[in-house]
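The sequence and the structure are shown first.

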Amino acid sequence: MLDDETPVLDNHLHLDPDNHRGIDAVRDFARLGGTHLLVVNKPSWHLGVEAETGEDFRAVFERTIEIVDEASSELDGRAWPVLGVHPGLITRLVDDRGFSPDDARDLMQAGIDVAAEYVESGEALALKSGRPHYEVDDDVWAASNAVMRRAFERGAELDCAVQLHAEASEDMTEVTDWAEAVGLPAHKVVKHYASGRLEGPVPSVMSEKDRLETAAERGEPFLMETDYIDDPDRPGAVLGPKTVPRRVRWLLENDHEDAVRIAHVETPERVYGIDTEGTLERA
């Protein structure tokens, strides 16, 4: 176990409350010393929702909030929901369901607007958006960027962070320029599944040793994540729920105490306004 004063936050993972491990994954995380989670809703179609309107996303968001409440009861800290529309939905809409890129954009923006309602009410912490990490047609790319910009607009209105699912890159300053243009500071834009080096958004670093070592040596704000997907059909697709506590222990053993504080105390406070120390109540 880690010591009683060290918060351990996984900044991005998914839980499937109905079809896979759900709360058992949270217990694994907590058993190794994990204390705080940011739980991102799974892609809507993974939960059986083929949205026709923005309101149709509400069932996905409500189910995510329910599992987050359950997760908090298992933690010495707490969990928070991050809600939004997975950018890969645009491909499903255009290629599989016959939507035009503009109609797909409008539907996804409506979903972002519904997610923003939960942030406004205090039921969710942040928004999720982004753009495809794979090659798409120019009109789909433009529509995806418009969806992401809507998330920035809502984030600015609500003073909340926006987590991005996007292509691999070490420089996304153009994206944070878009955010700042509508009033969302760059430090409230988080690039999920990041490497240890990134200009523009705050990197949420996949918790592999080489990426973490790069982030730790830079001394810049960063977060740690697993992107655990809780999918029985893809058990080895990403990192497991025990990974972040193990990597925190590894960082401490390798004299990276400052990096641990940056990733689990200072950056969460700066990005999300959350107090991981104040919400920590170890037995």
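## Pairing of β5 with β6

Glutamine 163 is placed opposite valine 190, a residue of β6. The model in which this pairing is seen is a predicted one. The two strands concerned are β5, residues 162-165, and β6, residues 189-194, which are joined in the parallel sense by three bridges. Valine 162 has valine 189 in β6 as its bridge partner.

Leucine 164 in β5 has serine 129 opposite. Between β4 and β5 the chain passes through helix α5 (residues 138-158), and this β-α-β crossover is right-handed. A further position in this pairing is leucine 127, which stands opposite valine 162 in β5.

On which sides is β5 covered, and by the burial of which residues is this shown? Both of its faces are covered, with Val162 and Leu164 buried on one side and Gln163 and His165 buried on the other. In a regular strand, side chains alternate between the two faces of the sheet.

How many of the residues of β4 are buried? Five of its five residues are buried, and the strand is described as mostly covered. Ala126, Lys128 and Gly130 point to one side of β4, whereas Leu127 and Ser129 point the other way; all are buried. A charged side chain, that of Lys128, is thus listed among the buried residues of this strand.

β4 is also joined to strand β3 (residues 79-84) by three bridges, and the two run parallel. Within this pairing, valine 82 has alanine 126 of β4 as its bridge partner.

## The sheet as a whole

The pairings described above belong to an open sheet of eight strands with parallel pairing, in the order β1-β2-β3-β4-β5-β6-β7-β8. At its edges are β1 (9-13) and β8 (223-225), each of which pairs on one side only. Direction ignored, neighbouring strands of the sheet are turned by 25° against each other on average.

Two helices that pack on this sheet may be considered together. Helix α8 (residues 243-253) touches β1 and β8, and its direction makes about 135° with that of β8. Helix α9 (residues 257-272) also packs on the sheet and makes about 105° with the direction of β8. The strands touched by α9 are β1, β2 (36-40), β4 (126-130), β5, β6, β7 (202-206) and β8.

## Contact between α2 and α4

Helix α2 (residues 58-72) and helix α4 (residues 101-121) have axes that come within 10 Å and cross at roughly 35°. The crossing of α2 and α4 is right-handed.

Which residues form this contact? From α2 there are Arg58, Phe61, Glu62 and Ile65, which meet Gly111, Val114, Ala115, Glu117 and Tyr118 of α4. By class, the contact comprises five nonpolar, one polar and three charged residues.

## Selected loop residues

Most residues other than glycine have a negative phi. Aspartate 159, however, has a positive phi near 55° and is not a glycine. Aspartate 159 lies in the loop between α5 and β5. Is aspartate 159 buried or exposed? Aspartate 159 counts as exposed because its relative accessible area is 55%, over the 50% cut-off for that class.

Aspartate 255 likewise has a positive phi, of about 65°, without being a glycine. Its place is the loop between α8 and α9. With a relative accessible area of 63%, aspartate 255 is exposed.

Glutamate 55 is found in the loop between β2 and α2. Its relative accessible area is 45%, so glutamate 55 is classed as partly exposed. Glutamate 55 and arginine 27 are 28 residues apart along the chain, and their C-alpha atoms are separated by 32 Å.

Terms used
Residues are numbered from 1 along each chain as its sequence is written. This is a predicted model: local features need pLDDT of at least 70, side-chain atom pairs count only at pLDDT 80 or more; totals for chains, interfaces and linings use all residues. Side-chain values use heavy atoms; hydrogens and water are left out. Two strands pair if DSSP finds at least two bridges between them. Helices (H or I, at least four residues) and strands (E, at least two) are DSSP runs, numbered from the N terminus. Axes are lines fitted to C-alpha atoms, for helices over the stretch in contact, and angles run from 0 to 180 degrees between N-to-C directions. Contact means heavy atoms within 4.5 Å. A crossing is left-handed if the near helix is turned anticlockwise from the far one by less than a right angle, and right-handed if clockwise. Buried means under 20% relative accessible area, exposed over 50%, partly exposed in between (1.4 Å probe, protein chains only). A crossover is right-handed if, with the strands pointing away from the viewer, the path from the first strand over the helix to the second runs clockwise.
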